[in-house]
Amino acid sequence: MTESPRLSHYVSGSIFSGTSTRTSPVYNPATGRVTKNLILATAADLDAAVAVAQAAFPAWRDTSQAKRQTIMYNFRELLNARKGELADILTAEHGKVTSDALGEIIRGLEVVEFALGMPHLSKGDYSENVSTGVDVYTLRQPLGVVGIISPFNFPAMVPLWYFPIAIAAGNTVILKPSEKDPSAANWLAELFTEAGLPDGVFNVVHGDKVAVDALLVNPDVQAISFVGSTPIARYIYETAAKAGKRVQALGGAKNHMLVLPDADLDLTADAAVNAGFGSAGERCMAISVIVAVEPVADELIAKIVERMKGLKVGDGTRGCDMGPLITEVHRDKVASYIDVAAADGATVVVDGRGIEVDGAADGFWLGPTLFDHVSVDSAVYIDEIFGPVLSIVRVDSYTEGLNLINASPYGNGTAIFTNDGGAARRFQNEVQVGMVGINVPIPVPVAYHSFGGWKNSLFGDAKAYGPAGINFFTREKAVTSRWLDPSHGGINLGFPQNQ
């Protein structure tokens, strides 16, 4: 049997194999087959990549804003023109359907476009003559080498939340993507090189905990950005902060949708299905709990079930609505909650096991699953399942539903569905969650606002992208200046140029 090809790191503008002999298989989740073997970095490999990024930093920091923006614009144009190639990579390694993959890339492109405004976004302030002949002004300057650790569920979008802003601000980057779907990271790095990015500014190192731990403690790395589960986010935050780094570590979620009796139930059912089962539920902004204020539950469930019957599960390249889960192990873990729900007294309304799929028999399949009468003491309610599982919890009032949401240890996203503007306004004020949707099921902010939750959904100094991203990837320097004599330049009648 022919050995699967190997995927190596991308450092200093070219493939870097490193010294490691350890590899990890990469699967196509729709077939269950290994498509490549990923080289897992040693700590020395990671440190070598950091050294490259550190060496590249002074020249990139001192490159003019105009030149940096030209390269970023080239990258934006290339990414937009060739996003179909990247979508195919995402579908082949993550399993999400092609339309979902394209949507992920487009949301990432928004951040690239936001980063194109860096000359304006990173401007400082100026105060003239604060004392006689003394001026004070502030500068925003890059940090140096920054590390990004991204998850499997959005192998393009999450890195794009971070590296365009970091690079546009003048930093150099080490990206450690998920080992489950790593090829998108190399593709993005190669595209940036094609756009004119100097070698060493954007580097990709593949690996597992060995590489992560080396990144967290390397003294030349100034900041860490992370998205993943809450236990790992807490570990990333504590370890990197102890090593003196800035950290933005986005953790897990258990997102609730509060449905009031006056809600448009057709709109609500559409939203619940879209937000619960899109990307096979493998997203931190998925709705996993519907909090139904009685008497709407029975009618809403009927409408959700009707829509679930029409969903086509299968290979993401075949025009299906939902693809497989990322690995067999994860699929089996998610499916195990169906037995847990039944044992805890919930009603299994729709069981996603054993469904007919449009795909290979060995794919990592689990169909959309719906539970009713879920107890808040059940692991089904408490755990972040991270799969196509939607739970119904029935409550008697708005206040009971609000208190349920606020009692959650997570605070990532939430939504309310209602036609009562007063109730919606009250909810947005009282709910203890970082991102709120009003008749919007997945309230992911656009690129010029920032993404991040509260409580155990966020650890560290800043949310992702938007104004928070600018602040995170730059630091402020205040200059107090006095010039005793004016300086005069020579005569030059030419039009001023940016050099």
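Author: T327 lies in the loop between α11 (297-309) and α12 (328-343). The model is a predicted one.

Reader: Why is T327 called buried?

Author: Buried means under 20% relative accessible area. T327 has 18%, so T327 counts as buried.

Reader: Which residues does T327 touch, leaving out those up to four places away in sequence?

Author: K180 and F364. Contact here means heavy atoms within 4.5 Å.

Reader: How far apart are T327 and V26 in sequence and in space?

Author: In sequence, 301 residues separate them. In space, their C-alpha atoms are 9.5 Å apart.

Reader: What makes S8 buried?

Author: The cut-off is under 20%. S8 has a relative accessibility of 9%, so S8 is buried. S8 sits in the loop between β1 (6-7) and β2 (9-11). Residues up to four places away in sequence aside, S8 touches I15, F16, S17, I39, N186 and H206.

Reader: How do you know that β7 and β23 pair?

Author: Pairing needs at least two bridges between the strands. Strand β7 (residues 134-142) and β23 have nine, in the antiparallel sense. Within this pair, T138 stands opposite A478 in β23.

Reader: What is the strand order of the open sheet?

Author: The order is β6-β7-β23, with antiparallel pairing.

Reader: What makes β6 and β23 edge strands?

Author: Each pairs on one side only. Strand β6 covers 126-131, and β23 covers 474-482. Neighbouring strands in this sheet are turned by 30° against each other on average, direction ignored.

Technical notes:
Residues numbered from 1 in each chain as written. Predicted model: local features only at pLDDT ≥ 70, side-chain atom pairs only at ≥ 80, totals over all residues. Heavy atoms only, no water. Helix = DSSP H or I, 4+ residues; strand = E, 2+ residues; numbered from the N terminus. Axes fitted to C-alpha atoms, helices over the stretch in contact; angles between N-to-C directions. Buried < 20%, exposed > 50% of the residue type's maximum accessible area, 1.4 Å probe, protein only.
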